[in-house]
Amino acid sequence: MPVSVIPQHPCLHSTAILHQCRNFIRVGIVFSCAFRSSRIPIGSDLFPVLCLWYNLFVVNIIFHSGNGSGQTASVPSGTTLQEAAGLAGIDLRTHCGGAGTCKKCVVIVNGKTVLACRTKAESDLTVVVPESSLRKNEQQAVVQTGLTENFSGYAGLSSPFPVLRPAARSAHPCGIAVDIGTTTLAAELHDFAGQRAVQTAARANPQRAFGDDLMTRIQKGMENPAAFAEMQQSVVHTVNEMIAEMTGKSGLKPDDVSAAVVAGNTVMQCLFFGIDPSPLGEAPYIAPAATFPPVLCRSIGLAGSPDSTVEGFPVFGGFVGGDITAGVLTLQNITRGLQTDPGQGLCRPCFFLDIGTNGEMVLAKDGGLFTAATAAGPAFEGAKIRCGTLAVPGAVDHVTLDGSGFRISTIGNLPAVGLCGSGLIDAVAVLLESGVIKSSGQFAEKQKSVELVSAAESGTHEPVVLTQQDIRELQLAAGAMRAGMTLLLQKNNVQPEELETFYVAGGFGQFIRPASARRIGLLPPLPLRKFQFCGNTSLAGAGMMLRDPSQAEVVRRFVQQSQHFDLASFPEFHTAFAESMRF
Ligand code: FES
């Protein structure tokens, strides 16, 4: 996509000239003083040149946004408005990581609507940022664990840090469990004496500036390896903020943290520990590291006592990462079965599914674990959906249809600002039931969209609509997930109806209406009583291993008993995918 360069507005031009003059004088004084007082032999002769450079190549951008105004960034000419906004502390929605495809980063310059990621600043500018382009409030709450029952590696790379034994838990009073989600970071402060979580914190994952999905981030790093380092530092920095927040609330200091356990998908764990995730950027999608043993917190920039250690969960393979390993650890129904001898049949078949931009899945059967992942894309997180949004306040999270039209509910009962994943699934399910959408995914009548919320009732003064393209995106996401489940069951000779329990993990899983998810094929056709929604099992598993380091051995054993399937390599996958596209 061509980069659009903003023409300078005549009014801005005169303002800019005055501004440049002031800058020139200000910078001149600074350089003059600096050179005259220094012993640097270049003397003061160079200062006009440096001033000229500064004034020619540095532009000032003033951002006006809904949550404040007048945030300014001084950046080199040619910087994109997206980067400048980040420097000014404005968090724009950048689902596609600046590829120009998601159209979420819209800003207004001189009355003209442009994409911040595709627009370079060549001169001083004033930029208006609409509410709808802000990530404001996209930080999702820490999802409570809420368990409902009693419940081969990359050759060249490994962690560059010395591997250690975990620090003694008793030396300091607390430890940190962290779920490194692609979208959200969630953490708990655990008190070792009380053996429980005493504080929680959540933040948006700052890596979203590099793209909302894993592949976009890997791509950014493969194009510019420095980006991987930036991603690592930004996450560690944010986790440190959470550590400071949680320890502060408990009257402790970050130095009181003696151990940390993190769980995340394979890419997130690699980036956190400074391991290049590039092998996951292309087929055959090999995990760059299989295990993430303890390293000194300080070696990766993480806060903690000088001898504190941080470790991650081993991964099952490919994209089925430590978040899933941690999740399985929390499911006693599965882990109890795994502690018996394989083949004894003591573990009735169970399925574990984490729904996100990837569908990561585990089938537990006969004392063994069979894992796979499918790329679902970011439709459930609102990307590529016309009015899509994350599960933020004001997001439409449930939709029903009665004789008088759509009935919607929104998060926080606020005026609707968009459609989050659960609302999207509900909307399509009710339209399928009412015959407005055919099983092929097409609207039955000639129409391009359905209005769910009118402009007058919405919080953005724009209607919230569901388009034909949105339905297509949902078909692709749900179809990939369903094809993966179907094939994993088939390869292991399990019929869906044989499953004793179907566990659904992840923040998103907590909000979907099971009947709607089943109607669109995202969940298999099982009785509703067989579904169990477990919440953030990644964080729960990290907490378990933090409090009881012996769980690492349990995890090691069940990962050894697992078999990972690369579904895309099976020729049947494409047929299964095509068949799963029908609702
Ligand atoms: S279009 Fe700008 S970030 Fe996606």
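## The S22–S23 pair and its sheet

Strands S22 (residues 501-505) and S23 run parallel and are joined by 4 bridges. Within this pairing, Tyr 503 has Gln 532 of S23 as its bridge partner. The model described here is predicted.

S22 and S23 belong to an open sheet of 6 strands, ordered S23-S22-S14-S15-S16-S24, with mixed pairing. S23 (531-535) and S24 (562-564) are the edge strands, each pairing on one side only. On average, and with direction ignored, neighbouring strands of this sheet are turned by 20° against each other.

## Strand S14

S14 (residues 350-355) is mostly covered, with 6 of its 6 residues buried. Both of its faces are covered: Cys 350, Phe 352 and Asp 354 are buried on one side, and Phe 351, Leu 353 and Ile 355 are buried on the other.

S14 pairs with S22 in the parallel sense over 5 bridges, and here Phe 351 stands opposite Phe 502 of S22. S14 is also joined to S15 (residues 358-365) by 6 bridges, and these two strands run antiparallel. In that pairing, Phe 351 has Leu 363 of S15 as its bridge partner. S14 and S15 form a hairpin, with 2 residues between them.

## Chain overview

The protein chain contains 15 helices and 24 strands. It has 583 residues, of which 48% count as buried.

H7 is mostly covered, 9 of its 9 residues being buried. The buried residues of H7 are Gly 322, Asp 323, Ile 324, Thr 325, Ala 326, Gly 327, Val 328, Leu 329 and Thr 330.

H7 (residues 322-330) packs with H14 (residues 551-560) at an angle of about 110°, and the two axes are 10 Å apart. H7 and H14 are therefore roughly perpendicular to each other. On the H7 side the contact involves Thr 325, Val 328 and Leu 329, which meet Gln 551, Val 554, Val 555, Phe 558 and Val 559 in H14. The residues of this contact comprise 6 nonpolar, 2 polar and no charged.

## Helix H5

H5 (residues 226-249) has 24 residues and reaches 35 Å from its first C-alpha to its last, close to the 34 Å expected at 1.5 Å a residue. H5 is followed by Gly 251, which has a positive phi, near 75°.

The buried residues of H5 are Phe 228, Met 231, Gln 232, Val 235, Val 236, Val 239, Met 242, Ile 243, Met 246 and Thr 247. These buried residues pack against both strands and helices: the strands are S8 (174-180), S9 (184-191), S10 (196-204) and S11 (257-264), and the helices are H4 (214-223) and H6 (266-272).

S7 (residues 125-129) has one covered face, made of Leu 125, Val 127 and Val 129, and one uncovered face, made of Thr 126 and Val 128.

S2 (residues 58-65) and S7 run parallel and are joined by 5 bridges, with Phe 63 standing opposite Val 127 of S7. S4 (residues 106-109) pairs with S7 in the antiparallel sense over 2 bridges. In this pairing, Val 109 has Val 127 of S7 as its bridge partner.

## Gln 71

Gln 71 lies in S3 (residues 68-76). Gln 71 is partly exposed, with 19 other C-beta atoms within 10 Å; a residue counts as buried at 20 or more.

Leaving aside residues up to four places away in sequence, Gln 71 touches Phe 63, Ala 88, Gly 89 and Ile 90. Between Gln 71 and Ile 61 the C-alpha to C-alpha separation is 8.3 Å, and the two are 10 residues apart in sequence.

## The S18–S17–S19 sheet

An open sheet of 3 strands has the order S18-S17-S19 and mixed pairing. S18 (405-410) and S19 (418-419) are the edge strands, each pairing on one side only. S17 (residues 395-402) and S18 pair in the antiparallel sense over 6 bridges, and Leu 401 has Phe 406 of S18 as its bridge partner.

H9 (residues 421-433) lies across S17 and S19 and runs at about 15° to S17.

Definitions and conventions
Residues are numbered from 1 along each chain as its sequence is written. This is a predicted model: local features need pLDDT of at least 70, side-chain atom pairs count only at pLDDT 80 or more; totals for chains, interfaces and linings use all residues. The expected span of a helix is 1.5 Å times one less than its number of residues. A residue is buried if 20 or more other C-beta atoms lie within 10 Å of its own, exposed if 12 or fewer, and partly exposed in between; C-beta atoms are placed from the backbone. Two residues are in contact if their C-beta atoms, placed from the backbone, lie within 7 Å. Axes are lines fitted to C-alpha atoms, for helices over the stretch in contact, and angles run from 0 to 180 degrees between N-to-C directions. Angles under 35 degrees count as roughly parallel, over 145 as roughly antiparallel, 65 to 115 as roughly perpendicular and the rest as oblique. Ala, Val, Leu, Ile, Met, Phe, Trp, Tyr, Cys and Pro count as nonpolar, Asp, Glu, Lys and Arg as charged, and the others, Gly among them, as polar. Two strands pair if DSSP finds at least two bridges between them.
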